[in-house]
Amino acid sequence: MGKTMVDPRDVRASALASEPLRPAGPRPGFVGGTVQSVKDIWTHRELLGLLTRREIKARYKDSALGLVWSLLKPIALLCVYWLAIGKFLEADRSIDDFSVYIFAGLTAWQLFSDIILAGTSSIVGNSGLIKKVYVPREVFPLSSIGSALFNFSLQLIILIGFTVIRGAFPTGTRWLYAALGLAVLVTWATTLVLVLSAVNVYLRDVQYLVEIALMLFMWVSPIVYAWSMVADRVPHWLAEVYLSNPMTQVVLSFQRTFWVRGDGSPMPTHLAARMGVTLVVSLVLLWVAQRTFARLQSNFAQEL
């Protein structure tokens, strides 16, 4: 008698039936759910790396210069602001070494803008993958953050190189301001992008509102003008409200680090302490944002 043929589909069905059932949705619990979500993201860290690399490659796909555009874009931005605002509007008369001053602020703002813009549409943009398999949904906005940090690193190299050319390379403890500013920026941007990416699934207008909001809020931070211009023209309480903006503190911290020739220029008092408080508040808000994201992600597949 010949051997009985075994259908591979039966074998696969039998193997699947022996697997224990595992919950695929968000974990309940304000504390336990967050811990489990972090474990899920860590388990899928290789996928997060793949998505990040895909984001970087997709940005300049089929272009002749590829990643060189990541360097040319900030250089062009620096030249435009330096020429248009520094020379034509004569802003460089009131701000010493204006080119380094403005590029330090723009470097911080560009990272924040890249994270928010790409992260807000990250869930909708990966709808095909989300509808087919279960992975922690947080990996999609987090991959956008990874891609933005890569571009930021290139822009930071240009900024540091420019300080060398200008003969004013930052040294010493001023680098602590850059580290603290980057921590506040990434924490604050991650908080916002988790909420915005989830809400954007249900209300697609959010991604367009975000573009307009970023354009307007860029001018709420002292990027192309000096902090002293605000402090001298508004009441003290309003200046304190202005300083409570996390991105205002981040921009000031980058200027404090890289704008070496600006030493002695007016700066807010206790800037490091203010940023320490902002970082703690941002971490708490990040926790709340993650739980909000976990609550909203239950119906992502149906909405997409």
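Select H5 and H9 first: H5 passes H9 in a right-handed crossing, meaning that the near helix is turned clockwise from the far one by less than a right angle. The model is predicted; local features need pLDDT of at least 70 and side-chain atom pairs pLDDT 80 or more, while totals for chains, interfaces and linings use all residues. Residues are numbered from 1 along each chain as its sequence is written, and side-chain values use heavy atoms, without hydrogens and water.

H5 covers residues 98-120 and H9 residues 175-202; helices are DSSP runs (H or I, at least four residues) numbered from the N terminus. Their axes lie 8 Å apart at an angle of about 20°, with each axis fitted to C-alpha atoms over the stretch in contact and angles running from 0 to 180 degrees between N-to-C directions. The two helices are therefore roughly parallel (angles under 35 degrees).

Next, display the side chains of the contact (heavy atoms within 4.5 Å). On H5, select residues including Leu 111, Phe 112 and Ile 115; on H9, the partners include Leu 185, Trp 188 and Leu 192. The contact residues comprise 12 nonpolar, 4 polar and no charged (nonpolar: Ala, Val, Leu, Ile, Met, Phe, Trp, Tyr, Cys and Pro; charged: Asp, Glu, Lys and Arg; polar: the others, Gly among them).

Move to Asp 97, in the loop between H4 (68-88) and H5. Its phi is near 55°, a positive value in a residue other than glycine. Asp 97 is buried, at 6% relative accessible area (buried is under 20%, exposed over 50%, with a 1.4 Å probe and protein chains only).

Finally, select His 270, between H13 (246-258) and H14 (271-296). The phi of His 270 is also positive, near 55°, but this residue is exposed, at 64%.

Technical notes. Angles under 35 degrees count as roughly parallel, over 145 as roughly antiparallel, 65 to 115 as roughly perpendicular and the rest as oblique.
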